[in-house]
Structures are given as C-alpha cells and as structure tokens.
Amino acid sequence: SELAELREALQITLSVPLTGMAVAIYIVDAEDIHPINKQDVGYRLSVAARKIAYNETIVGSGPFYKAFKIDGNKIVIAFDHKGSGLVARDKYGYLKGFSIAGSDQHFKWAAATIEGDSVVVFSPEIAKPIAVRYAWADNPDDANLYNKEGLPASPFRTDSWKGITEKP
C-alpha cells in the first residue's frame, strides 16, 4: 500500500523534537483524505498539543508500536502510549486489521488478542512468524485497536522489507 508507506514516512517525522501526530485514518473517507468529521481530528490534535507544548500529564496519542518478540508460533507486540490500557473497539471485542508473515514475506490475515499491555498475533497458516503489520492498507477500515482514553493505534509494521514505493 502506497498510502501505508506514506503514513509510515509521516510517523518517522515524530523523531523531530516537539512534534506530534493525530491518527485519522479511521474517520476519513477512502476517496477523500480530508475528513468530514473535523471535530474528532481537532480533538486528537489538541491532546497531542496539550501533551507536547503544554506538558500536561495526559495521554497525548493512541498506542504506537514499540517492539516485538517471537514466542513460538506467535508474535507479541509491545506499545508506547497505552494510556490506561488497550481495547478493541468492536461490539464483539475482537481485534482486526492484523496480518502476519513468515520468512517467505507473504502476509496472511491473523487473529490478535490483547493480553495485558501487549497484543499477541498468530495464524494457523504461519508456523514460524517473523513479521506483523497492522492497518497496513490504503483504507484500513477494520482496524480497531485503541487505548482506553479513546485514541486509535497508529498503523505499523515490524519488518523493514522493501515497500512498493522503493525503487529496486
């Protein structure tokens, strides 16, 4: 996904001091990146600004990928900005939007569960997983990982495999 790679490039700019980001992919239209729901975008930007510029002791963003570890046929994902905990925003409580791959670099849709402050990702199709992606699509309308403060997780990937926007 070219848009997933663009979002990743935007996220890399967070290494610049005193910068923030609001995840808005869940409230935008697939055909128009300018969201109609400007109130939620404004709120998410305001909590980031309050945290960064005013140093308020609040949760300033949704969960961001931090690290992963392989545990047999599963991958355990750790996050920064968990707030008071991770939640699945789904009427059934299931996480969606995760895919997993082995050394062949072919991703398969995966099951994912929240276990404490981590997310455990697995698929019966991948015996030896080495990479996970979350919300890695042009319009990841099924991604539903949030913190309890109501802020969505940022899309991520654990791999550094060449993307479609990189020249061979």
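Here is a walk through the strands, aromatic rings and charged pairs of this model.

A word on ground rules before we start. This is a predicted model, so local features need pLDDT of at least 70 and side-chain atom pairs count only at pLDDT 80 or more, while totals for chains, interfaces and linings use all residues. Residues are numbered from 1 along each chain as its sequence is written, and side-chain values use heavy atoms, with hydrogens and water left out.

Let's begin with strand β7, residues 118-122. Strands here are DSSP runs of E with at least two residues, numbered from the N terminus. Four of the five residues of β7 are buried, so the strand is largely enclosed by the rest of the structure. Buried means under 20% relative accessible area, exposed means over 50%, and partly exposed covers what lies in between, with a 1.4 Å probe and protein chains only. Two strands pair if DSSP finds at least two bridges between them. Strand β2 (residues 74-80) runs antiparallel to β7, and five bridges join them; V76 has V120 as its bridge partner in β7. β6 and β7 make a hairpin with two residues between them, and G116 in the turn has a positive phi of about 65°.

Now for the rings. Rings of Phe, Tyr and Trp (its six-membered ring) pair if their centres lie within 6.5 Å; planes under 30 degrees apart count as stacked, over 60 as edge-to-face and the rest as tilted. Searching the whole structure turns up seven aromatic pairs. One of them is tilted and joins Y92 to Y94, at 6.4 Å centre to centre with 35° between the planes. Y92 and Y94 are both exposed. Another tilted pair is F98 with Y134, at 4.5 Å centre to centre and 40° between the planes. F98 sits in strand β4 (residues 98-101) and Y134 in strand β8 (residues 131-134), so this pair ties together parts that are 36 residues apart in sequence. F98 and Y134 are both buried, and they belong to one aromatic cluster along with Y65, F79 and F156.

Some rings have a charge over the face, meaning NZ of Lys or CZ of Arg within 6 Å of the ring centre and within 35 degrees of the ring normal. K74 lies over F122, at 5.6 Å from the ring centre. R89 does likewise over Y146, at 4.3 Å.

That leaves the salt bridges: a side-chain nitrogen of Lys or Arg within 4 Å of a carboxyl oxygen of Asp or Glu. The count comes to seven. K96 bridges to D90, with the closest N and O atoms 2.8 Å apart, and K96 counts as partly exposed because its relative accessibility is 36%. E125 bridges to K108, with closest N and O atoms 3.9 Å apart. E125 is in the loop between β7 and β8 and K108 is in strand β5 (residues 107-109), so they tie together parts that are 17 residues apart in sequence. E125 is exposed at 54% relative accessible area, whereas K108 is partly exposed at 33%.

Is the pair D159 and R157 buried or exposed? Both residues are buried.
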